[in-house]
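Hi everyone, thanks for coming. Please have a look at the model on the screen, and I will walk you through it.

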Amino acid sequence: MGDVDPALIQDVEHRPNLAPPQAESIPLIDLAALAGYSPSDGAAADSAAIKGLAAEIGKACKEWGFFSAVNHGVPVEKRERIEREAREFFTQDLEEKKKVRRDEKRMPEYYETEHTKNVRDWKEVFDFTVQEPIVLEACEDYAQELQKLAHKLRGLIAQSLGLLANRFDEFFKDHTSFVRINHYPPCPTPHLALSIGRHKDSGALTILAQDDIPSLEVKRKSDGEWVLVKPIPDTFIINVGDIIKVWSNEAYDSVEHRAMVNSKKDRISIPFFFMPPHYTMVQPVEELTDEHNPPKYRPYNWGKYLVSRKTSNFKKLDVENLQIDHFRI
């Protein structure tokens with residue numbers, strides 16, 4: 001990607017700290033109890049192990065908005081396979097990659113000039129949807145495994161909020177979930193650019209696989225400090241997005257995060273974005289509101305919101321892109 005284009009340079013107040021403070025990391029949660037769990041199975045949802053796990057996840061969502069997960073049930077070989085094929089794709093010449101380049105009409109597939117908060121990210125990406133995971137078997141296999149994990153997690157999050165485990169089932173019969181493969185080349189000016197600028201995820205849940213090079217930073221809720229998340233082998237990093245924040249009426253928060261660049265090594269990360277259907281009207285769930293805790297958000301159409309957010313990724317705008325705060329009451 002060459003020298004740093006001015007479009008990639010972060011404003012001074014948002015530039016990375018190359019020596020972030022050593023601090024506590026996000027919670028690490030063992031998901032072994034999820035084996036055999038289904039949000040639609042009332043008996044399984046009522047087990048002591050599942051209730052304990054739901055409480056642990058709820059605490060992490062409330063205090064951090066993030067947690068790392070071990071014993072998640074996704075076969076390591078499927079993750080390793082998609083990482084290998086991703087590296088093979090990104091080592092191709094740019095002209096070859098541009099043959100599957102996305103635009104405002106064809107959204108999935110390859111892109112190399114994405115913007116976050118109106119600043120270009122130091123990365124290139126390949127997207128594919130879960131419903132139509134293109135022709136590569138590795139992509140389809142991986143997407144199906146992550147989809148199964150996501151459905152279990154949304155059941156646990158519902159339980160942690162005091163809802164029935166299947167409360168969110170209706171929002172994921174059809175869904176707009178997708179997998180993104182990020183490639184971050186070495187950056188010659190790591191003090192100026194970010195692999196991904198500060199942002200909050202707009203969907204319901206994100207399940208992130210990252211390699212062994214530290215990059216992800218999470219903004220700690222207690223003091224606003226950036227915390228570097230150290231990679232742990234065969235774990236996923238999971239965070240709640242804006243939709244969970246709205247559904248929970250701010251019981252849980254969608255937390256700002258970003259990704260640092262590396263001046264010597266290239267990196268791969270693979271987030272899975274769990275999202276409802278286009279026709280979903282996102283609003284606080286009725287059971288979590290009352291006269292003492294009225295809804296904090298007006299309903300908004302997820303499909304229109306998603307299109308607006310994705311369109312803003314293609315170019316620098318004169319105004320901030322659409323945020324859920326625009327729907328806050």
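Let me start with a question: in which loop is Asn-71 found? Asn-71 lies in the loop between β2 (66-70) and α3 (76-90). Those labels are DSSP runs numbered from the N terminus, where a helix is H or I over at least four residues and a strand is E over at least two.

Before going on, a word on where the values come from. This is a predicted model, in which local features need pLDDT of at least 70 and side-chain atom pairs count only at pLDDT 80 or more, while totals for chains, interfaces and linings use all residues. Residues are numbered from 1 along each chain as its sequence is written, and side-chain values use heavy atoms, with hydrogens and water left out.

Back to Asn-71. Its phi is near 50°, a positive value in a residue other than glycine. Asn-71 counts as partly exposed because its relative accessibility is 46%; with a 1.4 Å probe and protein chains only, buried means under 20% relative accessible area, exposed means over 50%, and partly exposed is in between. Lys-117 also has a positive phi, about 55°, although it is not a glycine. You will find Lys-117 in the loop between β4 and β5 (119-120), and at 26% relative accessibility it is partly exposed.

Thr-113 sits in the loop between β3 (109-111) and β4 (115-116). Is Thr-113 buried or exposed? Thr-113 is buried, because its relative accessible area is 18%. Its side chain makes a polar contact with the side chain of Tyr-111, at 3.2 Å. A polar contact here is a pair of N or O atoms within 3.5 Å; within protein, one must be able to donate a hydrogen and the other to accept it, and residues adjacent in sequence count only if both atoms are side-chain atoms.

Now to the sheets. Strands of a sheet pair through backbone hydrogen bonds, either parallel or antiparallel. Eight strands form an open sheet with mixed pairing, in the order β1-β2-β12-β9-β14-β7-β6-β3. At its edges are β1 (28-30) and β3, each pairing on one side only. Within this sheet, β6 (residues 124-129) and β7 (residues 178-184) run antiparallel and are joined by six bridges, and Phe-128 stands opposite Val-179 in β7.

Another open sheet has four strands, ordered β8-β13-β10-β11, with antiparallel pairing. Its edge strands are β8 (196-199) and β11 (226-228). Three bridges join β10 (residues 216-219) to β11, and there Val-218 stands opposite Val-227.

Finally, the rings. Rings of Phe, Tyr and Trp (its six-membered ring) pair if their centres lie within 6.5 Å; planes under 30 degrees apart are stacked, over 60 edge-to-face, and the rest tilted. That gives 14 aromatic pairs. One of them is Tyr-300 with Tyr-305, a tilted pair at 5.0 Å centre to centre and 45° between the planes; both tyrosines are buried. There is also an aromatic cluster formed by Phe-168, Phe-171, Phe-172, Trp-247, Phe-272 and Phe-274.

How values were computed
Two strands pair if DSSP finds at least two bridges between them.
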